[in-house]
Amino acid sequence: MIGIKHLKTIATLKETGSLVNTARELFLTQSALSHQIKDLENKLDCQLFERKTQPVRFTPQGMLLLELAHEILPKIEATKCRLKESLNQPISQLRLSVECHACFHWLLPTIKDFNNFWPDIKIDYERGFSYDAIPDLLNDELDLVLTSDIREPDKLEYAHLFDFKLKLIVAPDHDLAKKAYVTALDLKNETIISYPIPRERQDIFKHFIQNARFDGTLKNVDQGLLIFQLVSAGMGVAALPDWLVTPYESQGLIKSIPLGALGLTRPMYLAMKKDMKDNPVYRHFLNTCKLNNGR
């Protein structure tokens, strides 16, 4: 009753957030996609998601089907990879670096999931974080790079993983905590705490403050936990991905605020050499990253 195409449709709907984008991703007309979903709902005798929501909001029944998709689809993809005879030279390791400190929150579980299926392939992430890892990828010193910035697109392939919201975090009693959103002017005299990344590569300066005047202080901190502790103590503010912020905000340690009226959305990409984009092992690592989706 529930086919692979149904699971793929549900997983893609979750990933894209809309019927229009799902139809485009699956190379279907919107009419054909709507018919497929309606037919499945009739067979299951339940509604899978709420119509006219953006992004799509799944019902409890839809979430159950989505959990099944997240369990089954990676296994199918990995099995297909193992069955392929196109790997003339088996891969023994993937050398990985990230240009986002906060990625380790979900990256390590992703690596564990990948190695559960490919125990003979070592994920070498000893280089860990690098604010500019693309040159090493071009020089064949790395195989994969997680990044939010596209550089050298003519030489490299950038696979989109997901989008995330960058949130400003402040102490609960900070003056900015009462605002519905902050502007670049609000940060003019603040102490901004961040990972040790050059200012010109930081999203909050590159995509939000931009050319606005900033007379405050930039304080570099190596550890994410210390950033939260300093912010909670009222010693500065910080801009971090929503997946990292949520657990601390739920404990009442900090308050998060959108950057701008519409919020600041940033993409996450997996960069690789163009000739490797169809390699089954690379594709499986890519799909595993997508399924973890920054959770």
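**The loop that holds proline 55**

A: Proline 55 is found in the loop between strand 1 (49-50) and strand 2 (57-58). Helices (H or I, at least four residues) and strands (E, at least two) are DSSP runs, numbered from the N terminus. The model is predicted, so local features need pLDDT of at least 70 and side-chain atom pairs count only at pLDDT 80 or more, while totals for chains, interfaces and linings use all residues. Residues are numbered from 1 along each chain as its sequence is written, and side-chain values use heavy atoms, with hydrogens and water left out.

The bond that links glutamine 54 to proline 55 is a cis peptide bond, with omega about -5°. The loop between strand 1 and strand 2 also contains lysine 52. Although lysine 52 is not a glycine, its phi is positive, about 60°. Lysine 52 is exposed, and its relative accessible area is 89%. Here, buried means under 20% relative accessible area, exposed over 50%, and partly exposed in between (1.4 Å probe, protein chains only).

Glutamate 152 belongs to the loop between strand 5 (144-147) and strand 6 (156-170). Glutamate 152 is likewise a residue other than glycine with a positive phi, near 55°. With a relative accessible area of 34%, glutamate 152 is partly exposed, whereas lysine 52 is exposed.
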